[in-house]
Amino acid sequence: MDAANVAASALVLGIIVVSLLSNAVVLICFVYSADIRRQVPGLFTLNLTFCNLLLSVSDMPVTLAGLVAAGRPPAGVLCQVVGFLDTFLTTNSMLSMAALSIDRWVAVVFPLSYHSRMRRRDAALALGYTWLHSLCFSAVASCRSWVGYHHLYASCTLRGARASKGEAGGAPFAVFTVALHALTFLLTLVVLCVTYLKVLKVARFHCKRIDVITMQTLVLLVDIHPSVRQKCLDEQRRRRLRATKKISTFIGTFVVCFTPYVATRIVELFWPEPISPRWGVLSKCLAYSKAASDPFVYSLLRHQYRTACRLLVNRIFKRRPLNSSSARAADDAGAAKTTAAAATATNSVQPVADKPADQ
């Protein structure tokens, strides 16, 4: 193995470890927390988590084995199954991200009618479409023998009938590949951009309203301390940037992780010169990294999942939650203050002494 293969192998191994651990934590939080299970977006998150976990135990290890074995393909039947799963899981995960973005758009733009617009039945129908969409493309690729070991990506994935000879696999395979990426990657990207930009527009509108109220309050409070005024202004700036950062993360991770791989797939169809295997492996690793980043982007950085993780850790180590201890300490302090106040009042009310007779 040369230095490039060693670095790529280490990168794939790190992605496998991070993806397995992070997605497993998301799954445990989903099982442990009843609040997360009751929410409709939890179904999309659960589906995305399962896709990432299966991808981490099926296709990623085969890619790692291909890099370690210097391009020697695995067994034929195993490679066919892994290639089918690669197409199915990648497509399913992309459509799950689109479903999550639509759910958030409905929640932000139509908050009063969200529960009537996005019910569990609607979420189940959306998941049914993602599965049907993914199964159709995966089944067509398998029936046409368009899955196998691709040396450019060192993995079992989509491969034309004559890709081993340096050709793209013919016009039918080219049409299939373009249709697959247009109806999955491009469709998901358009949905992400449209929905999250709408969400950003609503968030900025609400921020402007809050900023107006904050500035009016600061003008009225002329005796406010300068440090308090500065804290209010800093919070106002953070509020404006918070929504932009979140939406940039949602769209940016999708673009950075999937665009190089999809672009390489399209260029491979029409570019007569061979593409560098190092770039092919790197683009595939970037696509794999989405499975490792999804738990943090969509789940673990949210308040509910952090709370579930904290309660689960406290339960495992048999520690009392900080909230309950703080509440008990506050109650004890309040009782002590009440007792002290009562004692002070009792001491202050002294009986009036009788005046002497000679006065």
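Student: At what angle do helix α1 and α3 pack?

Tutor: This is a predicted model, in which local features need pLDDT of at least 70, side-chain atom pairs count only at pLDDT 80 or more, and totals for chains, interfaces and linings use all residues. Residues are numbered from 1 along each chain as its sequence is written, and side-chain values use heavy atoms, with hydrogens and water left out. Helix α1 (a DSSP run of H or I, at least four residues) spans residues 3–32. The axes of α1 and α3 lie 9 Å apart, and the angle (0 to 180 degrees between N-to-C directions) is about 155°.

Student: How are α1 and α3 directed relative to each other?

Tutor: Their packing angle is about 155°. Angles under 35 degrees count as roughly parallel, over 145 as roughly antiparallel, 65 to 115 as roughly perpendicular and the rest as oblique. The two helices are therefore roughly antiparallel.

Student: How many residues in the contact of α1 with α3 are nonpolar?

Tutor: Contact means heavy atoms within 4.5 Å. Nine of the contact residues of α1 with α3 are polar and none is charged. The nonpolar ones number 19.

Student: How many charged residues are in the contact of α3 with α4?

Tutor: Helix α3 (residues 41–68) and helix α4 (residues 76–109) pack at about 155°, with axes 9 Å apart. The contact includes F44 and L48 of α3, and L85 and L89 of α4. Of its residues, 13 are nonpolar and eight polar, while the charged ones number three.

Student: What kind of pair do the rings of W146 and F173 make?

Tutor: W146 sits in the loop between α6 and β1, and F173 in helix α7, 27 residues apart. Their ring centres are 5.6 Å apart, with the planes at 70°. Rings pair if their centres lie within 6.5 Å, and planes under 30 degrees apart count as stacked, over 60 as edge-to-face and the rest as tilted. The pair is therefore edge-to-face.

Student: Is W146 buried or exposed?

Tutor: Buried means under 20% relative accessible area, exposed over 50%, and partly exposed in between. W146 has 4% relative accessibility, so W146 is buried.

Student: What kind of pair do the rings of Y196 and F250 make?

Tutor: Y196 lies in helix α7 and F250 in helix α8 (residues 226–270), 54 residues apart. Y196 and F250 are buried. Their ring centres are 4.9 Å apart and their planes at 25°, so the pair is stacked.

Student: Which residues do ring pairs link into a cluster?

Tutor: The structure holds eleven aromatic pairs. The cluster linked by ring pairs consists of F137, W146, F173 and F176.

Note on methods: Ala, Val, Leu, Ile, Met, Phe, Trp, Tyr, Cys and Pro count as nonpolar, Asp, Glu, Lys and Arg as charged, and the others, Gly among them, as polar. Rings of Phe, Tyr and Trp (its six-membered ring) pair if their centres lie within 6.5 Å; planes under 30 degrees apart count as stacked, over 60 as edge-to-face and the rest as tilted. Buried means under 20% relative accessible area, exposed over 50%, partly exposed in between (1.4 Å probe, protein chains only).
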